[in-house]
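Trainee: I'd like to learn how the labels in a structure get decided. Can we go through some together?

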Amino acid sequence: MGRSSVNGQLDLLLLGSLGAGEAHGYALIARVHERSGARLELQEGSVYPALHKLEAAGCVSSRWADDSGGRRRVYALTGAGHAEFARMVEEWKGFSAAVQGVLGAAS
């Protein structure tokens, strides 16, 4: 998919990915790539600002963690993040149904 398509749904993708458990930014990029069947490739330059924005909104929390790769900031979904994700999923379902209606009418 094109970059603009992914960026338009970046918050939804990140919150959904964090639903599988806490992770650092690179792991989230890999998780989205893997779960999408390698169809979605998130850009580091977009992911970190989005995570910071989600943290400022209270949807994710972060902490420093030490692992074999060094010290990394690990992100986790908050209660507010779960609620926002559920809201965004419903919004996405409505949008997707509307697009499917248009595409179905065009064929």
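Mentor: Let's start with lysine 53, which forms a salt bridge with aspartate 11, their closest N and O atoms being 2.7 Å apart. Keep in mind that this is a predicted model, where local features need pLDDT of at least 70 and side-chain atom pairs count only at pLDDT 80 or more, while totals for chains, interfaces and linings use all residues. Residues are numbered from 1 along each chain as its sequence is written, and side-chain values use heavy atoms, with hydrogens and water left out.

Trainee: How do you know whether aspartate 11 is buried or exposed?

Mentor: Check the relative accessible area: buried is under 20%, exposed is over 50%, and partly exposed is in between (1.4 Å probe, protein chains only). Aspartate 11 has 18%, so aspartate 11 counts as buried. Lysine 53 has 47%, so lysine 53 is partly exposed.

Trainee: What angle do helix 2 and helix 4 make, and what is that arrangement called?

Mentor: They pack at about 75°, with their axes 10 Å apart. Axes are lines fitted to C-alpha atoms, for helices over the stretch in contact, and angles run from 0 to 180 degrees between N-to-C directions. Under 35 degrees is roughly parallel, over 145 roughly antiparallel, 65 to 115 roughly perpendicular, and the rest oblique. That makes helix 2 roughly perpendicular to helix 4.

Trainee: Which residues make the contact?

Mentor: Contact means heavy atoms within 4.5 Å. Among the residues involved are Leu14 and Leu18 of helix 2, plus Val47 and Leu54 of helix 4. Asp11 and Lys53 take part too.

Trainee: How many salt bridges does the structure hold?

Mentor: Six. One of them joins lysine 93 and glutamate 90 at 3.6 Å, N to O. These two are three residues apart in helix 5, which means about one helical turn between them.

How values were computed. A salt bridge is a side-chain nitrogen of Lys or Arg within 4 Å of a carboxyl oxygen of Asp or Glu. Helices (H or I, at least four residues) and strands (E, at least two) are DSSP runs, numbered from the N terminus.
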